[in-house]
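Good morning. I will walk through one structure today, starting with its strands and ending with its ligands.

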Amino acid sequence: MSLLELDGVKVHFPVKKGILFDRTVGHVYAVDGISLKVEAGQTYGLVGESGCGKTTLGRAVLRLVDVTDGSVVLDGTDVAKLPEKELRSFRRRLQMVFQDPLGSLNPRQNIESILSEGMAAHGIGANQEERREKIREILAKVGLPANSLSRYPHEFSGGQRQRIGIARALVLEPDLIICDEPVSALDVSIQAQVINLLEELQESMGLTYLVIAHDLAVVRHISDVIGVMYLGSLVEEAPSDTLYEEPLHPYTRALMSAVPVPDPEVEERRERILLHGDLPSPANPPAGCRFHTRCPWAQDRCGKERPELTDAGGGHKVACHFTREIQDGTLRPAGDTEAVVIPAQAEAPAAESEPDATASDAPESAEAPESDEAPESDEAPEADEAPEAEDAPESKDASEGK
Ligand SMILES: Nc1ncnc2c1ncn2[C@@H]1O[C@H](COP(=O)(O)OP(=O)(O)OP(=O)(O)O)[C@@H](O)[C@H]1O
Ligand code: SF4
Ligand SMILES: [Mg+2]
């Protein structure tokens with residue numbers, strides 16, 4: 001049995017209308033039937049463009065939103081059915097690292113207080129001295145100096161604050177950590193350090209992650225398995241290398257084709273699949289294949305029948321009626337749309353190529369200098385700019401195949 005098993009998970013938010021009486025006039029189908037498994041000690045990367053339901057799925061696993069249908073089973077226990085009282089203690093086993101490290105840390109609490117709060121609530125450590133000892137140990141593991149204990153969140157840089165967020169999850173000894181866009185609020189130069197830190201911690205502590213990102217480059221190296229989400233559903237799932245070597249679903253191919261390749265020769269030949277149109281509203285999803293309104297290969301059948309996620313061989317799952325025909329070239333993309341495969345134009349590498357490019361040599365730099373130095377020397381200027389960085393249009397566009 002896998003550590004985490006989701007089976008047919010749906011989260012539908014009611015849309016209410018009315019002055020005196022709230023009437024339900026529809027639903028937002030944020031998550032609409034997702035099944036996946038996360039193995040212990042591994043990382044499952046979940047990618048998809050903004051609004052496709054990634055965060056809602058993460059929140060459903062933690063039961064921060066009610067699950068409309070389906071089951072969320074962690075280590076044999078169905079989280080969706082746990083009574084409130086048991087859920088409270090069970091939550092220790094599921095921790096989340098958030099996108100915005102500053103917003104998720106109480107500015108009035110020092111680091112010791114932030115980290116020991118959850119420990120005390122869950123009965124970890126017999127007394128404050130024991131908790132402090134454990135916090136010191138974890139702070140060292142995430143590359144923060146021991147004197148951080150008495151300092152406040154604003155005294156740290158963006159990257160350091162994300163390390164505090166990771167430490168806050170780790171002190172509770174969780175079984176699974178959900179990292180929701182763990183680096184998208186950080187400066188590009190810091191992103192690789194945080195991703196490397198997550199990988200190192202996984203190796204040394206045997207952690208299991210569900211990493212959520214809109215950016216394929218962020219999940220690529222850290223993930224064992226990647227699931228691609230589109231409008232509330234998984235459209236493709238495969239071991240990380242397989243997905244990158246041979247993306248099968250048209251949406252994944254479009255996402256991939258938007259990621260610049262560091263090798264100039266390969267980059268020269270890189271093809272782009274341009275999708276037109278935005279993600280349709282999850283309150284009014286298209287019938288049939290949800291991607292058919294944007295898919296260059298769409299046929300009549302696609303607007304009528306919704307394809308199931310099925311194994312195309314070797315654990316590579318795809319939800320498309322025409323996987324084989326697209327793969328062997330017997331079905332061609334429509335020629336009168338922008339979506340025709342065209343050679344890429346020379347373009348500046350987008351933000352998301354950076355973590356890959358620096359991934360192999362960043363670990364040392366991630367920890368060493370930061371420990372004794374003032375936060376300013378790490379990445380202070382970025383701290384105040386974090387909110388803008390998070391919304392940087394280039395990074396989203398490039399990963400969205402627009
Ligand atoms: N509490 C809620 N009530 C109603 N609709 C909601 C609620 N939470 C999320 N939604 C809607 O569900 C859809 C999925 O949202 P979600 O935040 O899960 O997307 P996401 O993939 O995490 O996007 P992003 O990459 O921008 O974070 C969106 O259309 C959003 O507006
Ligand atoms: S089922 Fe049809 S519309 Fe959907 S991805 Fe496949 S070809 Fe495109
Ligand atoms: Mg989100």
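Before I name any pairs, one definition: two strands are said to pair if DSSP finds at least two bridges between them. Please also keep in mind that this is a predicted model.

Let me begin with strand β1, residues 4–17, and strand β4, residues 69–74. These two run antiparallel and are joined by 5 bridges.

Now the open sheet. How many strands form it, and in what order? There are 8 strands, and the order is β6-β7-β8-β3-β9-β10-β13-β12, with mixed pairing. β6, at 94–97, and β12, at 310–311, are the edge strands; each has a single partner strand, so one side of each is left without a neighbour in the sheet. Further in, β10, residues 233–239, pairs with β13, residues 317–318, in the antiparallel sense, over 2 bridges. Within that pairing, Glu236 has Val318 of β13 as its bridge partner.

Next, the helices. Helix α5 covers residues 158–170, which is 13 residues. From its first C-alpha to its last it reaches 19 Å, close to the 18 Å expected at 1.5 Å a residue. Is α5 mostly covered or mostly open? It is mostly covered, with 13 of its 13 residues buried. Helix α9, residues 250–257, is mostly covered as well: 7 of its 8 residues are buried. Among the buried residues of α9 are Pro250, Tyr251 and Arg253.

For contrast, consider Gly125, which is in the loop between α3, at 111–121, and α4, at 128–141.

On to the core. In soluble globular proteins, nonpolar side chains tend to be buried together. In this model the largest nonpolar core has 99 residues, and Ala167, Ile178, Leu210 and Val228 touch the most other members. Take Leu210 as an example. Apart from its neighbours within four places in sequence, Leu210 is in contact with Val38, Tyr44, Leu46, Gly58, Leu176 and Ile178.

Last, the two ligands. Ligand 1 is surrounded by 13 residues, and the closest are Phe13, Ala30, Ser50, Thr55 and Thr56. Which elements supply at least two residues each of the shell around ligand 1? They are β2 and α1, the latter at 54–61. α1 gives the largest share, 3 residues. By class, this shell around ligand 1 has 5 nonpolar, 7 polar and 1 charged residues.

Around ligand 2 there are 14 residues, and Cys289, His292, Cys295, Cys302 and Cys320 come nearest. The shell around ligand 2 has 10 nonpolar and 4 polar residues, and no charged ones.

That is the end of my talk.

Methods: Residues are numbered from 1 along each chain as its sequence is written. Chains are lettered from A and ligands numbered from 1 in the order in which they are written. This is a predicted model: local features need pLDDT of at least 70, side-chain atom pairs count only at pLDDT 80 or more; totals for chains, interfaces and linings use all residues. A residue is near a molecule or strand if its C-beta atom, placed from the backbone, lies within 6 Å of it. Ala, Val, Leu, Ile, Met, Phe, Trp, Tyr, Cys and Pro count as nonpolar, Asp, Glu, Lys and Arg as charged, and the others, Gly among them, as polar. A nonpolar core is a set of buried Ala, Val, Leu, Ile, Met, Phe, Trp, Tyr and Cys residues joined through C-beta atoms within 7 Å. A residue is buried if 20 or more other C-beta atoms lie within 10 Å of its own, exposed if 12 or fewer, and partly exposed in between; C-beta atoms are placed from the backbone. Two residues are in contact if their C-beta atoms, placed from the backbone, lie within 7 Å. Helices (H or I, at least four residues) and strands (E, at least two) are DSSP runs, numbered from the N terminus. The expected span of a helix is 1.5 Å times one less than its number of residues.
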